[in-house]
There are 2 protein chains.
Amino acid sequence: MSAVAETARRRERRERRHAAAVHTMQQIEYQVPRMALLSDAQVQRIHDISMWILAKQGIAFYDEECRQILAAHGARVEGDIVYMDEELVMRYLAMAPAEFTQMARNPANNVIIGGNRSVFAPVYGPPFVQDADRGRREGTLADFHNFVKLTYMSPYLHHSGGTVCEPNDEPVPTRHLDMIFAHVKYSDKAFMGSVTEPWNAADAVKMCEILFGKETMQQQPVVLSLINVSSPRRHDDRMLGCIKVYARARQPMIVTPFLMAGAMSPASVAGTLALQNAEALSGLVLIQMISPGCPVVYGSFMTNLDLQSGATVFGSPESQLTMFSVAQLAQRYKLPFRTGGTFTSSKIPDAQAGYESVQVMLPAVQVQTNFVLHAAGWLESGLVSGYEKFILDCDLLGMYHNWAKGIDFSDEGFALDAFDEVAPGGHFLGTQHTMRHFRDAFYRSDTMDYDAYEQWVINGSRDSIMRANEKWKKMLAEYEAPPLDEALEAELLKFMNKRKREVGFGK
Amino acid sequence: MSAVAETARRRERRERRHAAAVHTMQQIEYQVPRMALLSDAQVQRIHDISMWILAKQGIAFYDEECRQILAAHGARVEGDIVYMDEELVMRYLAMAPAEFTQMARNPANNVIIGGNRSVFAPVYGPPFVQDADRGRREGTLADFHNFVKLTYMSPYLHHSGGTVCEPNDEPVPTRHLDMIFAHVKYSDKAFMGSVTEPWNAADAVKMCEILFGKETMQQQPVVLSLINVSSPRRHDDRMLGCIKVYARARQPMIVTPFLMAGAMSPASVAGTLALQNAEALSGLVLIQMISPGCPVVYGSFMTNLDLQSGATVFGSPESQLTMFSVAQLAQRYKLPFRTGGTFTSSKIPDAQAGYESVQVMLPAVQVQTNFVLHAAGWLESGLVSGYEKFILDCDLLGMYHNWAKGIDFSDEGFALDAFDEVAPGGHFLGTQHTMRHFRDAFYRSDTMDYDAYEQWVINGSRDSIMRANEKWKKMLAEYEAPPLDEALEAELLKFMNKRKREVGFGK
């Protein structure tokens with residue numbers, strides 16, 4: 001057999017195995033109603049206070065060109081501070097689409113962001129990683145690859161995310177290239193762009209142009225980026241530079257105030273919500289001025305300090321109240337929104353991590369958050385990407401796919417025929433209805449332990465951490481990369497190497 | 001100083017310390033709206049199917065006198081099976097009050113069960129106990145005392161509960177006496193009665209008569225009891241005997257079908273809800289026939305099997321859907337209701353226990369469950385009362401007290417003056433508003449770890465279990481019993497000893 005035929009046969013075998021191995025789960029489309037907390041009057045009151053902040057307190061924009069754009073479109077600028085009135089804000093917000101589709105290189109993994117749908121993406125940004133074998137350590141590119149692979153393999157994560165951990169063993173000026181390449185090479189789900197510097201954002205756009213084509217990108221979002229507000233009331237030059245790059249490339253951004261109540265915002269839920277709304281809207285308005293109709297996401301990341309110790313708290317009841325409120329604010333403006341995540345302050349995936357993660361993630365699902373960043377793997381207030389935590393969180397996300405389906409109210413859903421089969425004190429396990437549904441009636445966990453105590457002891461008295469540890473190792477051992485066109489891959493590598501040489505880190 | 005004066009002074013000192021030590025927290029009264037899942041038409045559909053079950057399938061009542069009562073009031077009886085039509089069911093349900101107050105021996109701890117209020121009570125029924133030092137073992141009366149004491153000391157448990165663990169070192173025929181005495185002696189919160197045998201229920205009523213007076217009890221509930229339906233479609237003689245005792249003593253009962261979907265009910269959420277409703281209503285109707293207007297609670301305990309292994313699953317998305325539905329059913333009938341708990345299948349308070357507990361407990365709070373049994377301490381599918389789990393759960397319950405308060409929408413709540421003090425990029429920590437609120441702005445956890453990683457390592461890298469272990473020991477070391485009238489105590493002991501002698505276990 002020729003070498004070419006051999007290669008083709010190998011590839012065919014690989015692709016067949018790949019198709020069989022990946023359990024593709026659609027993104028969530030809720031069949032249950034969205035839950036709400038606030039009255040219309042309460043939403044209006046938050047809106048009003050945030051309009052007062054925008055008009056009277058103002059927001060600092062540390063970028064000359066952005067201030068010029070804002071002034072040219074009707075905002076009042078004094079020094080670095082920009083003041084906007086309600087009419088101006090609402091006029092530009094109205095230009096943003098209520099939902100959009102982000103393309104993935106595998107069209108089966110395109111995601112709709114908006115409406116009654118949720119997209120779950122992994123943890124973003126931790127400098128450290130942690131697992132039960134090696135403890136806590138600096139993240140590397142190998143760890144980055146691992147988390148991209150695990151995300152690719154999870155049927156409950158719909159998006160590859162962005163900085164799944166910081167690849168500290170790569171030079172700072174070029175590691176954004178390695179990260180984007182890894183999302184393309186080791187996954188075929190949609191991914192996020194770089195926001196570390198405007199020229200890094202430009203590199204992300206360039207790599208997407210290689211992958212999707214420049215013309216496609218003017219019509220269709222292909223890379224989603226995370227713009228953090230430097231709260232309180234401040235957009236920094238780095239983020240504003242990235243906004244310009246992505247807005248001009250017509251690519252979507254999540255504008256997220258970074259609010260820890262008591263520090264960057266008042267020590268109150270309502271005050272924090274007003275600031276949240278003012279800051280998010282100010283960034284979204286700028287994007288619409290630069291590129292009217294550019295898809296955007298109303299972002300929020302709100303928690304609070306422990307005011308006696310100054311430490312960050314996750315999973316607090318106050319953060320739950322803010323999440324419900326943020327959902328209603330975003331809906332008022334007809335914008336897709338981001339909140340939630342499986343947050344915890346815990347250093348390890350112990351009971352605290354479990355309690356706190358659900359305290360945040362369940363409300364995020366109940367309000368039907370359109371994009372949930374940090375949906376799996378978050379530990380230690382976001383400083384750590386945890387391998388075992390990632391696995392346990394994915395199981396939780398799986399449960400929410402069943403929640404979203406709601407209740408089947410048909411005669412079959414009521415199991416009417418089963419009642420005729422079972423006498424008082426009898427058992428439904430043997431009914432025809434159970435036979436028809438025993439595979440799909442209920443969510444099946446792959447990390448929770450339901451054994452009897454005696455069996456659990458025989459199996460080694462393993463806790464959640466030990467079970468999850470086994471699972472991620474098994475997944476990585478079984479991982480196979482999705483097919484990637486060789487010419488495309490070569491072109492991406494060529495671009496990467498050129499850029500690495502240009503900034504002095506080329507091989 | 002005379003011995004009498006010395007005793008009086010000691011007692012005074014003790015009572016003063018006691019008043020200072022106990023952090024009394026009011027039961028929850030929600031300032032936020034109750035969350036809902038179903039449309040009115042969907043609630044009606046469940047109601048209709050449950051009426052079909054009651055009218056056409058029937059419910060077995062294994063007690064001759066109860067069947068006679070049911071027949072005398074208009075039900076159709078064939079053998080053991082009782083059939084009721086909708087008109088009959090609704091007529092008797094309408095007699096039950098929408099809410100009632102259960103008295104505690106300390107009137108400050110009376111609890112209102114119904115309306116927009118929640119009462120949290122500890123785990124009920126486990127034969128085993130577990131802690132980090134001694135592992136899993138059979139519960140004893142000493143353990144029972146410990147859990148009563150811990151419940152008494154928690155500001156987040158409003159009710160002393162019932163069988164906080166099984167006191168296996170006491171004889172079965174008399175341990176109900178020891179349990180009720182322990183609730184009276186070591187706590188002054190409201191408590192639950194015995195349902196192990198009708199004559200044990202009668203003992204509970206007698207002890208309450210000593211404590212509260214027989215006449216008071218005809219006007220006012222003082223002991224709440226848990227009637228489990230022997231699902232599917234079956235009330236056993238033991239529970240029916242207890243119903244007669246408590247209904248005639250005018251004391252409230254929770255009627256709870258015990259449904260694990262796939263076993264005692266169909267492998268579907270809707271079918272399980274229909275059976276739940278039919279069974280609960282059938283018991284509640286009987287109580288109203290025996291004692292019209294007797295306070296009752298619409299109970300539910302629903303989860304599902306893992307249909308491949310046959311194991312019980314807690315925290316499933318399906319169980320969440322049922323909880324929301326049950327709340328709406330109970331509201332339709334204008335009845336106080338019970339659901340929820342910090343359920344888990346886990347053997348220890350690990351991440352699984354954390355995830356599962358919040359998966360159940362948060363929805364229970366969101367639907368504003370009037371009585372939450374098993375709100376703290378549940379492990380291993382209810383087979384185990386866990387000391388550390390109890391402590392961690394109480395912290396979670398504390399958070400829900402803040403959730404219930406909702407958001408302060410006043411100008412002070414919006415911290416309007418703080419915005420004038422903080423420039424872009426500034427810090428709200430030093431504002432006057434934060435100074436005014438730093439003690440009460442946010443919930444303060446006493447078991448979660450918020451330390452920096454380095455500090456956490458210095459402190460011994462302790463997980464949730466180790467921190468909770470320290471806390472329950474400290475609480476038990478600091479415990480002081482609430483004052484109890486010596487004559488009352490003597491009379492209770494006299495009754496207990498008489499009853500123990502009568503059944504052959506007296507001293």
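In this predicted model, the largest nonpolar core holds 312 residues, and of these A:Ile243 and B:Ile243 touch the most other members. As a general background, nonpolar side chains in soluble globular proteins tend to be buried together. Which residues does A:Ile243 contact, once its neighbours within four places in sequence are left aside? They are A:Ile227, A:Met253, A:Leu286 and A:Ile287.

Let me turn to the contact between the chains. Chain A contributes 93 residues and chain B contributes 93 residues. On the side of chain A that touches chain B, helix 12, residues 351-366, gives the most, with nine residues. By class, that side of chain A comprises 51 nonpolar, 28 polar and 14 charged residues.

How are the two chains related? In general, two copies of a chain are related by a rotation about an axis and a shift along it. Here, chain A is superposed on chain B by a rotation of 180° with 0.0 Å of shift along the axis, at an RMSD of 0.0 Å. This is therefore the relation of a two-fold axis. The same surface serves both copies, since 100% of the contact residues of chain A recur in chain B.

Finally, I would like to consider a pair of helices in chain B. The axes of helix 13, residues 387-405, and helix 17, residues 464-478, of chain B come within 8 Å and cross at roughly 95°, so helix 13 of chain B is roughly perpendicular to helix 17 of chain B. Among the residues that meet are B:Tyr387 and B:Phe390 in helix 13 of chain B, and B:Ala468 and B:Trp472 in helix 17 of chain B. This contact has seven nonpolar, two polar and two charged residues.

Note on methods: Residues numbered from 1 in each chain as written. Chains lettered and ligands numbered in written order. Predicted model: local features only at pLDDT ≥ 70, side-chain atom pairs only at ≥ 80, totals over all residues. Contact = placed C-beta atoms within 7 Å. Helix = DSSP H or I, 4+ residues; strand = E, 2+ residues; numbered from the N terminus. Nonpolar A, V, L, I, M, F, W, Y, C, P; charged D, E, K, R; others polar. Least-squares fit on C-alpha atoms with pLDDT ≥ 70 in both. Core = buried A, V, L, I, M, F, W, Y, C linked by C-beta atoms within 7 Å. Buried ≥ 20, exposed ≤ 12 C-beta atoms within 10 Å, placed from the backbone. Axes fitted to C-alpha atoms, helices over the stretch in contact; angles between N-to-C directions. Parallel < 35°, antiparallel > 145°, perpendicular 65-115°, else oblique.
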